[in-house]
Amino acid sequence: MLLGGLAAAFALGASAQAAPPRTVQRTPPVSGTVEALSGQTLRVNTTEHGEISVMLPAAARIIEQRSASLAEVKAGEFIGTTAVQGPDGKLRATEIHIFPESMRGAGEGHYPMGAPATTMTNGNLEAVAGSVSQSEGAASGGERLRIAYKGGQSQVEVPPGVSVTLMRVADSTVLQPGTNVTVLLAPGAHSGEGGLTAATVIVREAASH
């Protein structure tokens with residue numbers, strides 16, 4: 001779900017205004033390992049499509065991500081939260097990602113995300129409340145986030161154990177052979193040779209052994 005949410009955030013980032021953004025159609029991302037970066041051509045070995053070549057323009061974002069803890073989610077940061085709305089109308093987070101400051105405003109708003117009752121909320125974290133009790137519909141020990149965005153704000157309950165990902169802006173030097181990446185493709189954009197064009201490359205944390 002995280003990568004789908006990120007794709008939506010990046011796609012909506014340039015167009016989000018005062019009104020909450022809507023779900024947009026987007027080219028599915030591709031994931032794999034870097035074979036090589038030669039000039040502006042990134043070769044990625046994927047499970048589904050084998051080796052593909054992707055044009056990496058100067059404007060493409062390169063983002064490194066790592067696992068983080070809920071303690072690193074602090075007021076004043078710009079975050080994205082995937083959540084499921086329960087029968088009681090409350091939003092309960094399933095994952096959180098912390099954006100770098102340079103990406104503040106990406107996909108800002110509150111909007112539906114694919115699966116029924118699933119939402120994405122991107123905005124400034126106004127406050128982190130204390131423990132959420134079981135009587136409020138969440139496991140004891142969770143927290144409540146107040147997220148503000150253009151046009152409104154949302155309260156999101158965070159049960160214990162929710163996945164948190166921290167992202168930072170990087171450059172092409174991190175695209176070494178064997179690096180795990182997910183490439184978010186520019187909608188309808190192609191290189192002069194007819195290949196795919198990257199909008200964002202997410203460098204994924206290597207799996208622990």
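User: Happy to dig in! Which residue forms a salt bridge with Arg 66, and how far apart are the closest N and O atoms?

Analyst: Arg 66 pairs with Glu 72, with 2.8 Å between the closest N and O atoms. In general, side chains of opposite charge can pair when their charged atoms come close. The term salt bridge here is a side-chain nitrogen of Lys or Arg within 4 Å of a carboxyl oxygen of Asp or Glu. Arg 66 is partly exposed at 36% relative accessibility, and Glu 72 is partly exposed at 27% (buried is under 20% relative accessible area, exposed over 50%, partly exposed in between, with a 1.4 Å probe and protein chains only).

This is a predicted model: local features need pLDDT of at least 70, side-chain atom pairs count only at pLDDT 80 or more, and totals for chains, interfaces and linings use all residues. Residues are numbered from 1 along each chain as its sequence is written, and side-chain values use heavy atoms, without hydrogens and water.

User: Nice. Is Glu 157 buried or exposed?

Analyst: Glu 157 is buried, with a relative accessible area of 4%. Its side chain meets that of Arg 144 in a salt bridge (3.9 Å, N to O). Salt bridges with shared partners join Asp 88, Lys 90, Arg 92, Arg 144 and Glu 157 into one network.

User: How should I read the confidence, and what is the average pLDDT?

Analyst: pLDDT is the predictor's confidence in each residue, from 0 to 100. Where pLDDT is low, the predicted coordinates should not be read in detail. Here the protein chain averages 82, and 77% of the residues score at least 70. Over residues 12–25, however, the pLDDT is below 50.

How values were computed
Contact = heavy atoms within 4.5 Å.
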